[in-house]
Amino acid sequence: MAAQLLDGRLMAAQLEEQLKRRVAHLAQKGLVPGLTVILVGEDPASHTYVSNKEKACARLGIRSATLRMPEHTTQAELEAEIQRANADPSVHGILVQLPLPRHLDADRALSLILPQKDVDGFHDINAGRLCRGLDCTVACTPKGALYMLKQAGIPIAGREAVVVGRSNIVGKPMALLLLQENATVTICHSRTADLAAHTRRADILVAAVGKPRFLTADMVKEGAVVVDVGINRVDGKLCGDVDFEPVAEKASWITPVPGGVGKMTIAMLMDNTVAAAEKVLAK
Ligand code: NDP
């Protein structure tokens, strides 16, 4: 493997050490950061993600509460729980685990979370402020991916960045963050004509597609920095959206799956929760 590894496990562990100090500082002032996670239904992946979030909170001294609601929960019941958490001063962060069961309106639910408690950064106010380059809570996955680039000292300004995927939770905010860092950004999607012509130009290539090993070595420029956001399960094993081994032969830096962006996502959720608590204290 020619590429250097962007090690999410290591970077997340280092960030957690800083977060522990920030939590201890808050504790000295009598404030324990609190995160409420609302989990509706039985999606096994969601249950795993939520359990990982609970474990991270426990490691850092963040008080976490998970509301496990049944599959048949109504919109009104979900919204009542969001409002309850909004009104609770001991809750600094609220997260509604996605995807919600199909009968529930996720956009409406997310829009009810107070923007200052929206630690996922999915609220329209936070997404809109990111778009305008204003101070806001940034979605955890793209924030984590950018953090990895910066921690590794990878230059971004003036470079060609190509983001494959335009979802509201990954692709779009990732592109906006890279733009803020003065990259020249191209966003590709399922209707992009000649995807490889775009990806081959990329100095920084971000894959957020949701298709196992979708980005192959022939689509990657020699020396590119490759950030693989994808989390796919093939034959019971996790893999990303990048065909890791052959791409790693060409890339200069690459994130592994597992142990890459996914680790940073949880660390950034913790960061956003601690920051939300710090803002309460600063008021
Ligand atoms: P979405 O399904 O919401 O978005 C996928 C994007 O990929 C869409 O914009 C879609 O285009 C695009 N796409 C699909 N097929 C192609 C194609 N053939 N060529 C080019 N673009 C294509 O997924 P998410 O953004 O939510 O997630 C992406 C991946 O990241 C998933 O594997 C997910 O599991 C993972 N993920 C990982 C996280 C982490 O913590 N590491 C957190 C969140 C997600 P179009 O818009 O035209 O349909």
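Leu215 is buried, with a relative accessible area of 0%, where buried means under 20% relative accessible area, exposed means over 50% and partly exposed lies in between (1.4 Å probe, protein chains only). The model is predicted, and local features need pLDDT of at least 70, side-chain atom pairs count only at pLDDT 80 or more, and totals for chains, interfaces and linings use all residues. Residues are numbered from 1 along each chain as its sequence is written, and side-chain values use heavy atoms, with hydrogens and water left out.

**Leu215 and its surroundings**
- Leu215 is found in the loop between E7 and E8, these being strands (E, at least two residues) that, like the helices (H or I, at least four residues), are DSSP runs numbered from the N terminus.
- Leaving aside neighbours within four places in sequence, Leu215 is in contact with residues including Val164, Thr199, Leu205, Asp241 and Val247, where contact means heavy atoms within 4.5 Å.
- From C-alpha to C-alpha, Leu215 and Val170 are 17 Å apart in space, while 45 residues separate them in sequence.

**The nonpolar cores**
- The largest nonpolar core has 54 residues, of which Leu149, Leu178, Met264 and Met270 touch the most other members; such a core is a set of buried Ala, Val, Leu, Ile, Met, Phe, Trp, Tyr and Cys residues joined through side-chain atoms within 4.5 Å.
- Helix H10 (residues 261–282) gives the most to this core, contributing 10 residues.
- A second, separate core of 20 residues includes Leu215, together with Ala202, Met219 and Ala224.
- Apart from neighbours within four places in sequence, Met264 is in contact with Gly8, Met11, Ala12, Leu15, Gly144, Tyr147 and Met148.

**Helix H6**
- Nine of the 12 residues of H6 are buried, so this helix is largely enclosed by the rest of the structure.
- Among the buried residues of H6 are Cys140, Gly144, Tyr147, Met148 and Leu149.
- These buried residues pack against helix H1 (8–28), helix H7 (171–180), strand E7 (204–207), strand E8 (225–228) and H10.
- After H6 comes Gly153, whose phi is positive, near 75 degrees.

- Strand E5 (residues 160–164) runs parallel to E7 and is joined to it by four bridges, and the bridge partner of Val163 is Val206 in E7.

- Asn86 lies in helix H3 (residues 75–87) and counts as buried at 11% relative accessibility.
- Beyond its neighbours within four places in sequence, Asn86 is in contact with Ile94, Leu112, Ile113, Leu114 and Lys117.

Technical notes
Pairing = 2+ DSSP bridges.
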